[in-house]
Amino acid sequence: MQPAMGGDPSHKRWYCVVCMLMWTAACSAVNQGASMIALPADVKRLAPERASSATGAIAACGSAAQVLGLMAVYYSDTCTFRYGRRRPFLVLGALLTVLGGCAWIVGSAVELLAFVALGYVIMFVGVAIGNSIIPTLFTDLLPQSQHGMANGIMGLENLIGSALGFGLFGVGVDTWVCLIIFVAISAVLLLPTLIFSHETQYMPPPRPKESHSHWTACKDGCTSFAFSWREHPDFVLVLLVRVLYYVCTGAATYMQYWAGDVLQTDNAEQVVGQLGVVTLITAVLIAVPTGALSDRFGRRPFAACGLLFLAAGVCSWAAVQSLPGVWISVCIFGLGNGLYPSVETAQACDCLPSNRDSGRFLGEFALAATLGQLVGQFGVGLLLQQFAIPHGSGSAASSSSLSPFTSSGSYEEMYEHTGYLAAFLACGMLCFVGCVLALFINTLRGKAAQVRRDALQDDRMALCSVNAHSTEAEVGKVDKN
C-alpha cells in the first residue's frame, strides 16, 4: 500500500502556475533589496568604522540561520494537515519574514544595530522556509513535462521580486519606511500561493509500533537526508554548482560600497538600484523562454551558458571603473542571471535521489544556496576589510569630496580598488568552475537513478505495511484468547 503523496501532478494552466509560485517574488525582494541595499546602508550608518566586516558577519548569520529551512521541508514531507502538507510551512515562513521585518523596522528607527541584525536573521529564516517549500510544489503538483516552464515562470517572478526590492529599497527613503511597505506587499503575495497550492491530505503508511520511539524518529530524520553520491552523482553536481553560483552572487552584496569607492558616485544606493533594475530587465527577457526551451532541449546547455555569462559579468566588474562600462557589465551579468536560475530548480527536480521524499532533498538544494551565500558574503567582507583605507589618509582623502560615504561625515571607511579586484576575480573564477561542472550533469541518468530508488522504497514500504498488519493480527488473537 503506497501513501497518498498529497499532490495532484497533472497538467496545469500557466496562470495557475504563476499564482502558485507568487510568494517567490517576496522572497526574492528580501534576497536582493534587503541584502544588497538596505543592510549595507544601515550598517554603514550605524557602524561606519567596520562596515564591511559587520555587513559580512550579519549576512553570514542570516545565511547560516537558513539551515532551519531544512527542518521545515523534512517535516512538510510527512505533515498530515487537512488542507495540504506544504501550506502550514508557507504560512510559517511568511510570519517569520514579517516578524523579522518588524524587528528590523524598530532597529533602524531607534538606530540599534543589534535589532537590525536580529530582524535580518529572522527575515532570512522565513525566506529560507519559503525558498525550500516552493520547489516542492513542482514535484507535488506538476508533471515533469512542465518543470521547465514552471522554473521559467519562477525565475521571472524572482526577477520581478528583485526589481521590487531594488526599486523599494533604492529610492533613498528611510529603511524602516521601505520595510513597512514590504511587509504589506508580502501578505498580499502569499494569498495566491496558498490558494493555488491545493493538495489532498497526506496519509502516511502504517508503521510498526516499535518504530514510534523518539530515538528511532530522530535517527530516521537524520538518515532520511542521506543518499549515495555514487548512485546519484548528478544531484551532487547540481548541489556543487549551486554553491558556486551563490558564492559568485554573494559579491553583489558589496556593490553599494564599490559604487562609492571605485565609481565615486554621489548616491551609491540609487546607482545600485538602477544597475539592479537594468540587470533584471535583461534577465526578464530570457527567463520564461529559457525555462520552456529547456523542457525540449535539456537543462545542461542553458545552465552552463548562464554560469559562463555570470562569470564574465562579475570579472568585468573588476576591470571597469566608470559608469558607462558598468552598464555593459551588468547586462552581461543579467543574461547569466536570467539563464541559470530559470533551469536550476527543474534540473534539481530531474536529478533528485527520490521523487517521493522530494522536500528533504530540495531542502538540501536550498541549503546549497545558503552555504554559497555564507562563503560569498562573509568571505568577500573579510577580504575587503584587509584593504580598508582609514578616513582622511592617502587616496581616500583625495577622493573624499566625491564619495558619499566620506563627505557626509557618517561614512568613514573606504576600500582600495585592489580589494574589489581580488574579490570579483575570485568569485568570477569560482563561477567558471561551476560552468565546467554543469557540463557533466546528465538529467537522464539522474532520473533513472531516481526511479530505481523510489521502486526500492516502494518495496520497503510494502514490507513495512505487511509487517504492521501481521503485528495487529497477532495482537488481536492474543486479546481474544
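Q: What does Leu 307 touch, leaving out residues up to four places away in sequence?
A: In this predicted model, Leu 307 touches Val 241, Tyr 245 and Tyr 340, and it also touches Cys 431, Gly 434, Cys 435 and Ala 438, when residues up to four places away in sequence are not counted. Each of these counts as a contact because heavy atoms lie within 4.5 Å.

Q: Which residues have the most contacts inside the largest nonpolar core, and how many residues does this core have?
A: The largest nonpolar core has 120 residues, and those with the most contacts inside it are Leu 307 together with Trp 104, Trp 258 and Trp 317. Helix α2, which covers residues 23–46, supplies the largest share of this core, namely twelve residues.

Q: Why is Asp 42 called buried?
A: Asp 42, which is found in helix α2, has a relative accessible area of 2%. Buried means under 20%, so with its 2% Asp 42 is buried.

Q: What makes the pairing of Asp 42 with Ser 108 a polar contact?
A: The two side chains make this contact at 3.4 Å, and the cut-off for a pair of N or O atoms is within 3.5 Å. Leaving aside neighbours within four places in sequence, Asp 42 is in contact with Ser 108 and also with Trp 104, Val 116 and Thr 175.

Q: Why is Gly 167 called partly exposed?
A: Gly 167 lies in helix α8, residues 147–169, and its relative accessible area is 34%. Buried would require under 20% and exposed over 50%, so the value of 34% places Gly 167 in between, as partly exposed. The C-alpha atoms of Gly 167 and Val 277 are separated by 7.6 Å, although these residues are 110 residues apart along the chain.

Q: How do you know that α5 and α9 are roughly antiparallel?
A: Helix α5 (residues 87–110) and helix α9 (residues 175–196) pack at an angle of about 175°, with their axes 9 Å apart. Angles over 145 degrees count as roughly antiparallel, and therefore α5 and α9 are described in this way. Among the residues that meet are Trp 104 and Ser 108 in α5, and Thr 175 and Trp 176 in α9.

Q: How many helices and strands are in the chain, and what percentage of its residues count as buried?
A: The chain contains 21 helices and two strands, and of its 481 residues 56% count as buried.

Technical notes
Residues numbered from 1 in each chain as written. Predicted model: local features only at pLDDT ≥ 70, side-chain atom pairs only at ≥ 80, totals over all residues. Heavy atoms only, no water. Core = buried A, V, L, I, M, F, W, Y, C linked by side-chain atoms within 4.5 Å. Buried < 20%, exposed > 50% of the residue type's maximum accessible area, 1.4 Å probe, protein only. Helix = DSSP H or I, 4+ residues; strand = E, 2+ residues; numbered from the N terminus. Polar contact = N/O pair within 3.5 Å; in protein donor to acceptor, adjacent residues only side chain to side chain. Axes fitted to C-alpha atoms, helices over the stretch in contact; angles between N-to-C directions. Parallel < 35°, antiparallel > 145°, perpendicular 65-115°, else oblique.
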